[in-house]
Amino acid sequence: MRRKGWVAFVAAAAALCLGLAPDAKADGHEVKVGVILGFTGPIESLTPPMGDSAELAMKEVSDSGAFLGGKMMVPVRGDSTCIDAAAATAAAERLVTAEGVAAIFGADCSGVTIAITNNVAVPNGVVIISPSATSPALTTIEDNGLFFRTAPSDARQGQVLAEVLIERGISSVAVTYTNNDYGKGLDGSFGAAFAALGGTVEISAAHEDGKGDYSAEVGALAASGAEHLVVFGYIDQGGKGIIQGAVDTGAFENFIVGDGMIGDSLIEAIGDALTGTIGTAPGSASEGAAAFVELAAANGVDGDGPFRGESYDAAALIALSMQAAGTADRGASASKVLEVANAPGEQIGPGELGKALQILADGGEIDYQGATNVELTDVGEAAGSYAVMEVEGGAFMTKEIR
Amino acid sequence: MTDVANAIVLLLNFVIVPGVAYGSQLALGALGVTLIFGILRFANFAHGDVMAFGTMVVLLTTWWFQGMGVGIAPLPTALIALPFGIVGAAAFNLAADRVVFRFYRRRKSPPVILLIASVGVMFALQGIVRFIIGPDDRRLADGARFIIKASEFKAATGLKEGLAIKLSQGLTLAVAAIAVAALFWFLHRTRAGKAMRAYSDNEDLALLSGVSPDRVVFYAWLIAATLAAVAGTMYGIDKSYKPFTYFQLLLPIFASAILGGIGHPIGAVAGGFIVALSETAVTYAYKKFLRYLVPESWEPSGLMQLLSTDYKLAISFVILVVVLLVRPTGIFRGRVLS
């Protein structure tokens with residue numbers, strides 16, 4: 001008898017679970033959107049303002065009252081962990097099946113973004129827009145037209161960084177990169193561009209994240225004889241450890257960093273030794289960028305930092321493409337993303353989402369500019385302008401835009 | 001002549017100094033593992049996470065001290081917080097023994113069952129540590145950072161290569177030396193220590209001579225916890241505190257203990273230094289080193305690196321396998337505490 005009761009209980013629980021999913025989707029007043037970022041893991045200090053920026057756009061969309069005839073856009077957060085593809089896939093799977101999200105904002109790091117796109121977005125036909133996955137591998141991913149990103153591919157960043165170094169007379173460097181899709185992609189594009197411009201990469205060595213000690217890695221890099229160290233890593237992880245080790249042992253005094261390493265916490269941790277460090281990060285000096293920082297500040301979000309404008313834009317594109325498609329049904333908006341992001345149409349800056357939604361509802365066309373001058377290529381990724389930064393007086397200062 | 005000096009300083013800076021500091025940390029960890037093996041006859045997999053737990057207590061106490069403005073600058077505050085970490089780790093070890101290990105010991109379970117039980121304790125402890133302090137990377141060190149700075153060394157000697165010795169590296173070596181000396185004094189000079197060695201050598205004979213097994217086991221857990229907390233804290237001060245790295249330390253620690261001869265304290269210390277120095281020496285790229293020593297025409301074009309640093313962790317595995325194949329008892333012929 002007891003066993004029977006148990007079975008009945010399990011069956012009831014299962015029925016309840018199964019019953020919940022369609023329920024959530026059937027609720028006509030809300031459109032749920034997954035916000036999947038590495039809230040834990042190697043870039044956990046970067047992700048909270050990214051999530052806030054995306055949710056700021058969603059709030060703006062909801063408050064406008066013009067979204068699909070007055071619907072609300074509700075964010076549901078998930079943790080991509082940045083590095084654990086299995087955990088990220090599980091989190092995305094939960095968002096899609098249990099929460100019934102209509103689209104996914106995210107993910108952040110390239111490896112988990114590839115995993116989520118392949119394992120969750122494509123099989124379920126869900127649109128996924130990443131603000132920060134920059135691996136060149138995502139350009140050619142088999143995504144059935146569902147994957148977009150508001151960040152440019154690292155193929156471009158490597159090129160920009162190589163040009164900057166050659167112009168400054170740096171022709172011999174040691175490179176270390178985090179051993180994943182992001183690090184390898186950036187290392188490859190930088191190495192090729194640097195060599196083509198006449199520079200020499202003396203050593204290119206991977207480092208693993210999450211170790212306590214990087215003295216062996218630093219020793220090998222220093223032994224190459226190069227005076228400049230290029231670090232393509234993560235700010236909360238091995239990248240910081242490598243720079244710390246290099247400063248401690250006096251192995252290097254000049255650092256060049258990729259976008260994953262740009263942030264105030266790096267300067268806090270290392271201190272004055274970083275002065276003169278050169279870095280690149282996606283960014284632009286457009287009016288939109290300044291307007292976004294202002295808009296964010298007015299809403300209690302710090303919008304001045306890496307990938308925050310991209311996050312706002314990615315979330316905005318999700319909403320605008322749904323509006324253009326006239327429905328929040330999964331995948332229906334995929335064909336509309338490029339339409340709303342690129343010309344022709346009325347230019348839309350940050351804080352003008354309500355206006356844009358109205359134009360689309362009235363059958364007009366828009367050219368979304370947003371915080372980062374959004375212009376998507378035909379494979380659906382940002383064409384890419386980069387800010388070249390340098391550490392001066394204890395902060396990363398933007399020197400120029402390319 | 002300066003070329004030779006440069007080459008030596010280069011090697012010191014990148015291989016010997018970090019290797020010796022890391023070796024002291026491994027030696028302290030391996031001593032704890034070896035001690036438990038000598039007395040309780042099983043490999044305690046929870047030891048790495050006991051290190052993380054003890055260090056966590058030290059970190060929390062350090063924050064408390066820093067909050068009150070108590071410090072011993074230029075030395076790190078963590079040093080005065082260390083006794084609290086030792087008490088915390090000891091309390092955990094004794095609790096784990098009472099709740100888990102004693103049950104199997106009384107049933108005279110074979111060592112492999114105790115080993116598997118220790119894996120369970122390890123997972124539970126990992127959860128506890130993350131529950132209390134989270135998985136993040138945290139800084140344990142404060143106060144002065146260097147004994148010798150690379151730039152100062154260059155200025156003082158006029159050499160091209162700098163030598164940096166961090167305060168944490170000097171402290172690690174000093175604390176490890178004190179801890180090892182105290183342990184040997186305890187094992188060889190005190191009644192309780194002699195009882196432990198007798199118990200380890202021959203359990204039945206020791207029981208006949210009136211040695212209390214409960215006492216011996218109690219001391220073993222206590223000392224292992226002390227060593228774990230000290231090793232964990234020194235590692236944390238030298239690098240940074242991150243719970244997951246202590247779990248990763250488990251492999252080199254076991255490699256050290258087995259290389260030296262498990263159950264053999266001197267072996268554990270020797271093993272710790274051998275494993276650490278081979279990790280740094282094998283993965284070091286000798287290009288710059290050779291450039292100082294050989295004529296220009298012989299200068300190597302490659303990096304002269306035996307193994308990429310990616311394979312650092314694999315060196316412990318290789319040492320472990322080779323030792324088990326060639327000399328399973330280890331360098332010092334372990335198995336008993338002698």
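Colleague: What share of the contacts in chain B with a separation of 6 or more comes from residues 24 or more positions apart?
Modeller: That share is 77% in this predicted model. A contact here takes two C-beta atoms within 7 Å.

Colleague: What makes chain B as compact as a globular protein of that length?
Modeller: Chain B has 338 residues, and the globule rule gives 20 Å for that number. Its radius of gyration is 21 Å, close to that value, so chain B counts as compact in that sense. The C-alpha trace spans about 70 × 55 × 35 Å along its principal axes.

Colleague: And how many helices and strands are in chain B?
Modeller: Chain B holds 13 helices and 2 strands. As for burial, 49% of its 338 residues count as buried.

Colleague: Why is Gly134(B) called exposed?
Modeller: Count the other C-beta atoms within 10 Å of its own: there are 12. The cut-off for exposed is 12 or fewer, so Gly134(B) qualifies. You'll find Gly134(B) in the loop between helix H4 (111–133) and strand S1 (146–148) of chain B.

Colleague: How far apart are Gly134(B) and Asn6(B)?
Modeller: In sequence they are 128 residues apart, and in space 44 Å, C-alpha to C-alpha.

Colleague: Which residues of H11(B) meet H13(B)?
Modeller: On the H11(B) side they are Val275(B), Ser278(B), Glu279(B), Val282(B) and Thr283(B). Across from them in H13(B) sit Lys312(B), Ile315(B), Ser316(B) and Ile319(B).

Colleague: Over in chain A, what is the order of the strands in the open sheet?
Modeller: The 7 strands run S7-S6-S8-S9-S10-S14-S15, with mixed pairing.

Colleague: What makes S7 and S15 of chain A edge strands?
Modeller: Strand S7 (200–207) and strand S15 (395–401) each pair on one side only. From one strand to the next, the twist averages 25 degrees.

Colleague: How do you know that S8 and S9 of chain A pair?
Modeller: Pairing needs at least two bridges, and 4 bridges join S8 (residues 228–232) to S9 (residues 254–257), so they pair. The two strands run parallel, and Val231(A) stands opposite Val257(A) in S9(A).

Colleague: Which strands does helix H7 of chain A lie across?
Modeller: Helix H7 (residues 215–223) lies across S6 (172–178), S7 and S8 of chain A, at about 170 degrees to S7(A).

How values were computed:
Residues are numbered from 1 along each chain as its sequence is written. Chains are lettered from A and ligands numbered from 1 in the order in which they are written. This is a predicted model: local features need pLDDT of at least 70, side-chain atom pairs count only at pLDDT 80 or more; totals for chains, interfaces and linings use all residues. The radius of gyration is taken over C-alpha atoms; the globule rule is 2.2 Å times the number of residues to the power 0.38. A residue is buried if 20 or more other C-beta atoms lie within 10 Å of its own, exposed if 12 or fewer, and partly exposed in between; C-beta atoms are placed from the backbone. Axes are lines fitted to C-alpha atoms, for helices over the stretch in contact, and angles run from 0 to 180 degrees between N-to-C directions.
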